[in-house]
Amino acid sequence: MPIFLNEVRINHACKLLSENTLQIDEICYTCGFNNLSNFYRQFKRVTRYTPKDFRRRYNIYLS
């Protein structure tokens, strides 16, 4: 169950990162993570990118 819940949270974080309106730490807490380092670790486990790299790659893709 925790793996599924983390993946749902990460998917929501990806959506928020693509909107580019919130800071990464705000996204972390908005998505239900209590710890920024755990958010980074889980995000990278699911997407293979850090949140900052994900946002950068997404913005380049849109350009």
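Q: Why is Asp53 called partly exposed?
A: Asp53 has a relative accessible area of 29%, and since buried means under 20%, exposed over 50% and partly exposed in between (1.4 Å probe, protein chains only), Asp53 is therefore partly exposed. This is a predicted model, in which local features need pLDDT of at least 70 and side-chain atom pairs count only at pLDDT 80 or more, while totals for chains, interfaces and linings use all residues. Residues are numbered from 1 along each chain as its sequence is written, and side-chain values use heavy atoms, with hydrogens and water left out.

Q: What makes the pairing of Arg56 and Asp53 a salt bridge?
A: The N to O distance between their side chains is 2.9 Å, and the rule asks for a side-chain nitrogen of Lys or Arg within 4 Å of a carboxyl oxygen of Asp or Glu, so the pair qualifies. Arg56 and Asp53 are three residues apart in helix α4 (residues 51-62), which means about one helical turn separates them; helices here are DSSP runs of H or I, at least four residues long, numbered from the N terminus.

Q: How do you know that Lys15 and Glu19 form a salt bridge?
A: Their side chains meet at 2.7 Å, N to O, and by this rule the count comes to two salt bridges. Lys15, at 46% relative accessibility, counts as partly exposed, and Glu19, with a relative accessible area of 39%, is partly exposed.

Q: Why is Asn6 called buried?
A: Asn6, which lies in helix α1 (residues 2-19), has a relative accessible area of 14%, so Asn6 is buried.

Conventions. Helices (H or I, at least four residues) and strands (E, at least two) are DSSP runs, numbered from the N terminus.
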